[in-house]
Amino acid sequence: MSELIEIKEEQERFILIGVAVSDQDDTAESLEELAELADTAGALTVGKVIQNRESVHPGTYIGKGKIEEVKELALEMDATGVVCDDELSPAQLKNLEDALQIKVLDRTILILDIFASRASTKEGKIQVELAQLRYRSTRLIGLRNSLSRLGGGIGTRGPGEKKLEIDRRLIKDRIAALNHELANVKKSRETERLLRSKNRIPVVAIVGYTNAGKSTLLNLLTNAGVLEEDKLFATLDPTTKNLTLDSGQQILFTDTVGFIRKLPHHLIDAFRSTLEEAKYADIILHVVDSSNPDVYNQMYIVYDTLKNLGIQDKVIITAFNKQDKLEAEQILKDFQADYTVKMSAKTGAGIKNLLDLIEKVLNERKVLVERVFSYQEAGKIQIIRKYGQLMEEKYEQDGIYVKAYLPNDILQSL
């Protein structure tokens with residue numbers, strides 16, 4: 001009987017490189033995050049190198065002396081490649097690879113690689129492939145050299161991998177076809193949005209930095225069954241789930257892809273239709289990892305991304321999550337939020353306060369109505385149940401007494 005031989009894919013070993021152009025740069029924190037991204041992609045970080053320069057080297061990202069230092073470190077640590085903490089130009093990619101003679105990736109392609117391995121829905125796969133092709137179309141030569149030398153691995157996965165060896169004309173055709181498919185998906189999403197609008201079910205869009213606990217919160221509230229993992233971009237595809245509050249009020253929670261510093265513009269463009277779910281929401285629920293030492297910078301990046309997407313003038317509730325991970329009481333503030341609440345999606349602490357707050361915000365948009373409907377008008381009670389929040393209902397001699405919160409337009413129609 002022949003023995004089965006298990007073949008394991010060799011783990012790639014990366015050196016991370018960053019360039020700090022001022023004392024205020026958060027390059028060290030950014031490299032820490034890059035190491036988390038590498039871990040999520042399945043690689044091992046074996047070294048970190050930061051160069052202080054007035055500006056990024058236009059030809060090789062880092063200077064000549066630093067290249068020699070990285071070369072020696074790569075030999076010493078048996079590194080299979082390097083990852084630069086910024087998006088490289090085609091020239092930088094090729095020149096740095098020629099100088100180091102090992103695989104060179106940048107932050108963008110690492111994030112794209114993670115997205116490619118995480119996308120599960122048709123829409124997610126289309127969006128990832130589109131982002132990959134846009135990125136790779138200008139970098140075919142450099143990437144081809146890299147792949148022929150090292151046989152693929154991280155940076156080559158996902159729907160776009162087979163497109164690397166085709167010419168730019170075919171890539172252009174494929175991008176056009178994907179855009180067409182994405183337009184159809186967008187139409188379908190807009191139809192769903194219109195239907196929700198007609199049904200007047202309020203929508204709460206969950207946004208936040210990657211790994212802030214958005215999926216854990218959605219699962220706790222709605223039993224959504226979304227993957228939870230202590231890794232960056234554990235979930236990619238947006239999920240919308242229904243929740244009925246204790247008062248009977250129905251709301252929809254929509255999860256969105258996590259934000260991150262230096263989020264590639266290719267991804268923002270490709271995921272615009274998904275991220276725009278927040279644009280049409282009634283409430284933005286901003287989930288924050290309270291235990292992260294970089295919490296304020298992460299909050300800034302989320303707001304900056306929302307601004308770039310044109311998402312403004314929304315009621316924002318900031319949920320300071322992961323309170324269970326704090327060793328001591330912490331005072332956190334968010335001056336851009338309308339309301340804040342402390343909670344833990346893992347333990348459930350503070351969840352009732354969060355739901356009460358959401359209900360309060362929704363009720364502020366409604367009018368409190370107390371009146372008696374005649375028994376001939378009983379059908380109107382059904383409308384109130386469907387679109388409003390029925391607080392009290394009494395069957396009296398002269399009719400049905402109702403106390404309810406109602407949207408103003410429904411009140412007018414009644």
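Buried here means under 20% relative accessible area, with exposed over 50% and partly exposed in between (1.4 Å probe, protein chains only). Strands (E, at least two residues) and helices (H or I, at least four) are DSSP runs, numbered from the N terminus.

A quick word on the source: this is a predicted model, where local features need pLDDT of at least 70, side-chain atom pairs count only at pLDDT 80 or more, and totals for chains, interfaces and linings use all residues. Residues are numbered from 1 along each chain as its sequence is written, and side-chain values use heavy atoms, leaving out hydrogens and water.

- Ile283, Leu285, Val287 and Asp289 point one way from β8, and they are buried.
- Ile284, His286 and Val288 point the other way, and they are buried too.

**Who β8 pairs with**
- Two strands count as paired if DSSP finds at least two bridges between them.
- Strand β5 (residues 203–208) runs parallel to β8, over 5 bridges.
- Within that topic, alanine 205 has isoleucine 284 of β8 as its bridge partner.
- Strand β9 (residues 315–321) also pairs with β8 in the parallel sense, over 7 bridges.

**A look at asparagine 321**
- Asparagine 321 sits in β9, opposite aspartate 289.
- Asparagine 321 counts as buried because its relative accessible area is 3%.
- Leaving aside neighbours within four places in sequence, its contacts (heavy atoms within 4.5 Å) include Ala212, Val288, Asp289 and Ser344.
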